[in-house]
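Good morning, everyone. Please bring up the model on your screens, and we will walk through it together.

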Amino acid sequence: MASLLQSVLEVVITLAKNLQNGTLELVELARNGVALNDVGHAVQKNALVLVLWCLFVFVIARMCCGGRGYGSRVKVKTRENFEPGKVYLHQHIPASGLPSLSPFCLKLEMYLRLAGIPYENVYKRMDPGPNGKIPWIEYNGRAMADSGLIIQFFKEELQLDLNRSLSTTDRAISRAFVKMLEENTYWGLVHFRWIEHFHVLGSLFEVGWFVHNVLLRRSARRLSKMLWAQGMGRHSQEDINDITEKDIMAVSEFLGEKPFFMGEEPTEADATVYGFMAEILWAAPKSSDLHALVTEKCPNIREYCVRMTRRYWQDWKGMTDKC
């Protein structure tokens, strides 16, 4: 091990000397005002030096300025010719008969349908929004991200409150369930899909071998680190599954036989509950315990998803076919 480190150190020192010598030669030529041919010969001779210097500067600049700190935003290009009042919803490409394999994308599209807001889908595989994530929207020439903040925006912009019929207590309960699904259950589903059942992702996303085993595996490694940082990934697979199951059981018990999650009318919570439960019902492997949970142990969840789909997704054949 020591000899290997010594060899690496010698290579680094040699490279540094070459960089220094090559740079000094170019500087000396520039100072003396030599002929253009001589400069070209020197540049050609020290091409490797120049490339290495460019890489060095790029790495340093990336380290100093490339990170995204709190509150930083990604520049996105919005369309110049937009239809006023229309939402352009940027989300993942549909797969496996679902409008999206992201519960947050499905949540936001469901909200737009519940609220009756006109929208148009913009499908791209790699299309991060202002916060570097998907989904995001364009609205009247403005780019906005985060499904929760987008919903809040429309509540204020359009004076549109799907929770208007709820009491103060019910609003609190609604928010608690939404945050449980988005901040806790979500990470259990990330582990379920990207770690425990990674082997079926290729068929789920309808992609080839290279995308599955190279690009998706890279995403899986990144998500694994995020799971560890969030805390869910520090538990055993058995404990993670137990945590996720308890969350889903809580949804089922509160839903009961009500037509909508909070009662007789659709509310904001239905967008999130549907987005997450539909993902489990129709995207989880049928042989998995999670699929059995929402079809056998909690059949009211399946009935809820079918009911919501038939009411709000009649134009989406891939969804209605699953009912």
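**Salt bridges, helices and a surface patch**

Let's start with Glu 120. This residue is partly exposed, since its relative accessible area is 32%. One thing to keep in mind: the model is predicted.

Now, what does the side chain of Glu 120 meet in a salt bridge? The partner is Lys 86, at 2.8 Å from N to O. Look at where the two sit. Glu 120 is in strand β2, residues 119-123, while Lys 86 is in the loop between α3 and β1, so the pair ties together parts that are 34 residues apart in sequence. Is Lys 86 buried or exposed? Lys 86 is buried, because its relative accessible area is 16% and buried means under 20%.

There is a third member here. Glu 83 joins Lys 86 and Glu 120 in a network of salt bridges.

A word on the background. Side chains of opposite charge can pair when their charged atoms come close.

How many salt bridges does a search of the whole structure find? The count is 13. I will show two others.

Go to Asp 161. Its salt bridge is with Arg 171, and the closest N and O atoms are 3.1 Å apart. Asp 161 has a relative accessible area of 22%, so it is partly exposed. Arg 171 comes in at 31% relative accessibility and therefore counts as partly exposed too.

Next, Arg 193 and Glu 279. They form a salt bridge, with 3.0 Å between the closest N and O atoms. Again distant parts of the chain are linked: Arg 193 belongs to helix α6, Glu 279 to helix α10, and they are 86 residues apart. How accessible are these two? Arg 193 is buried, with a relative accessible area of 13%. Glu 279 is at 4% relative accessibility, so it counts as buried.

Helix α10 brings us to packing. Find helix α4, residues 103-115. It packs with helix α10, residues 268-283, at an angle of about 140 degrees, and their axes are 8 Å apart. α4 and α10 are therefore oblique to each other. The crossing of α4 past α10 is right-handed.

Now turn to the other neighbour of α4. Helix α5, residues 147-157, packs with α4 at an angle of about 15 degrees, with the axes 10 Å apart.

Asn 81 counts as exposed, because its relative accessibility is 73%. Where does Gly 141 lie relative to Asn 81? The two are 60 residues apart in sequence, yet 8.4 Å apart in space, C-alpha to C-alpha.

Last stop, the surface. Trp 209, Phe 210, Val 214 and Leu 215 make a nonpolar patch of about 450 Å². Trp 209 lies in helix α8, which covers residues 209-230. At 64% relative accessibility, Trp 209 counts as exposed, since exposed means over 50%.

That is the tour. Questions, please.

Technical notes: Residues are numbered from 1 along each chain as its sequence is written. This is a predicted model: local features need pLDDT of at least 70, side-chain atom pairs count only at pLDDT 80 or more; totals for chains, interfaces and linings use all residues. Side-chain values use heavy atoms; hydrogens and water are left out. Patches are made of residues with over 30% relative accessible area and no salt bridge: like charges are joined within 9 Å, nonpolar side chains (Val, Leu, Ile, Met, Phe, Trp, Tyr) within 5 Å. Accessible areas come from the Shrake-Rupley method with a 1.4 Å probe; for residues, only the protein chains shown count as cover. A salt bridge is a side-chain nitrogen of Lys or Arg within 4 Å of a carboxyl oxygen of Asp or Glu. Helices (H or I, at least four residues) and strands (E, at least two) are DSSP runs, numbered from the N terminus. Buried means under 20% relative accessible area, exposed over 50%, partly exposed in between (1.4 Å probe, protein chains only). Axes are lines fitted to C-alpha atoms, for helices over the stretch in contact, and angles run from 0 to 180 degrees between N-to-C directions. Angles under 35 degrees count as roughly parallel, over 145 as roughly antiparallel, 65 to 115 as roughly perpendicular and the rest as oblique. A crossing is left-handed if the near helix is turned anticlockwise from the far one by less than a right angle, and right-handed if clockwise.
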